Amino acid sequence: MYLSRFLSLHTLWVTVSSVMQHYPSVWGHYDVCKTQIYTEEGKVWDYMACQPEARDMIKYVKVTLDPPDITCGDPPETFCAMGNPYMCNNECDASTQELAHPPELMFDLEGRHPSTFWQSTTWKDYPKPLHVNITLSWNKTIELTDNIVITFESGRPDQMILEKSLDYGRTWQPYQYYATDCLDAFHMDPKSVRDLSQHTVLEIICTEEYSTGYMTNSKIIHFEIKDRFAFFAGPRLHNMASLYGQLDTTKKLRDFFTITDLRIRLLRPATGEIYVDEQHLARYFYAISDIRVFGRCKCNLHATGCKEENKRLLCECEHNTTGPDCGKCKKNYQGRPWSPGSYLPIPKGTANICIPSISSIGTNVCDNELLHCQNGGTCINNVRCQCPPAYTGILCEKLRCEREPGGCGRSSAPRGPGGLRPLLPLLPALLAARAR
């Protein structure tokens, strides 16, 4: 029995191992920036594209409301029950914790009963529009990795726009329109993400499928990130290599999933009917119990970590890069223009590391000016010499056979203009001249 159980476990392990061997090449997690490998020259760094893990970005968000006094409770007011719009004996009072509904309750832990939520004032100034802007800011560039999900407690609004900013709120672009009647509200034909394709994935649509009124099982609004990923990666996102390839080569697609800020523009509360009941305006308001935004810090494929410092997210940059998004080369590492990393080739990508500046190069690297690779060696990125088979050393100045028992014999040592030995006494002077 034990033998058969062992064989079964062994078979399972072999199967899982086989799958896992292929898994990185399909997904390409990019969770390592560099690793040491052994070459004929010894241990060297092998650099790879890398990025932080996705996380719940709401933990780091700052929220602002416009108008700032739109939250209910100051002064206290009554509103109608969400399940029964004619039961209007509920109270919102900002001075009492149990009756207050401040903005932070959009982001607290859910699962408690009754649920907690932010709530606006009621539509007491009808027919003046009840407009609210909710702005979510990160002070950091974020790459979205999952659906944006907004849960309403008041019924989903009749009209709403989700907007994004890529420049910290200076300019805004629509992400998606939501309405019970798209043609009437925004002069757009209604669509869903299922109507899109690879070629139209960037189209800004108006959808009616998230705009019903007071139905208790219809509280959630989505902005579908994963459904858009699926146009490239397949229905279950098994072919992430294809998606990464598209993101790598199509800047507009990459920017579409990148934000610094989100703005929820609430334009008309849920009415559940064509006409507003002016005798019961306390029925109409906005209430949000939860907002979810999953993504990762954008680090231009130069970091696997992102830390919070002084209430600001910063990439923990590798590849000799620096800046909040690893968007520039470190001092003395500007030997070529900065470039983001690349997802390609899958699965390791290309690091595009920053290399030392000519002015900072020391004796451990070549520059093809004062410190040539000797004996036919080739200078690679000013970082190392690639030597012919017979030679080794920092500048290919040594015969490889000198390391072997018995050596090479005196006649084999490099001489004349092709060798390094005539230059060795001059190295200090050459380096001092270059420093000047």
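The model is predicted, so local features need pLDDT of at least 70 and side-chain atom pairs count only at pLDDT 80 or more, while totals for chains, interfaces and linings use all residues. Residues are numbered from 1 along each chain as its sequence is written, and side-chain values use heavy atoms, with hydrogens and water left out.

A search of the whole structure finds 15 salt bridges, a salt bridge being a side-chain nitrogen of Lys or Arg within 4 Å of a carboxyl oxygen of Asp or Glu.

Select Glu163 and Arg265 to begin. Their closest N and O atoms are 3.2 Å apart, in a salt bridge. Glu163 lies in strand 10 (residues 159-165) and Arg265 in strand 14 (residues 258-268), so the pair ties together parts that are 102 residues apart in sequence. Helices (H or I, at least four residues) and strands (E, at least two) are DSSP runs, numbered from the N terminus. Glu163 is buried at 8% relative accessible area; Arg265 is partly exposed at 26%. Here buried means under 20%, exposed over 50%, and partly exposed in between (1.4 Å probe, protein chains only).

Next, select Lys251 and Asp255, which form a salt bridge at 2.6 Å, N to O. Both are in helix 5 (residues 251-256), 4 residues apart, or about one helical turn. Asp255 is buried, at 19%, whereas Lys251 is exposed, at 52%.

Finish at Arg292 and Asp290, a salt bridge with its closest N and O atoms 2.8 Å apart. Arg292 is partly exposed at 46%, and Asp290 is buried at 11%.
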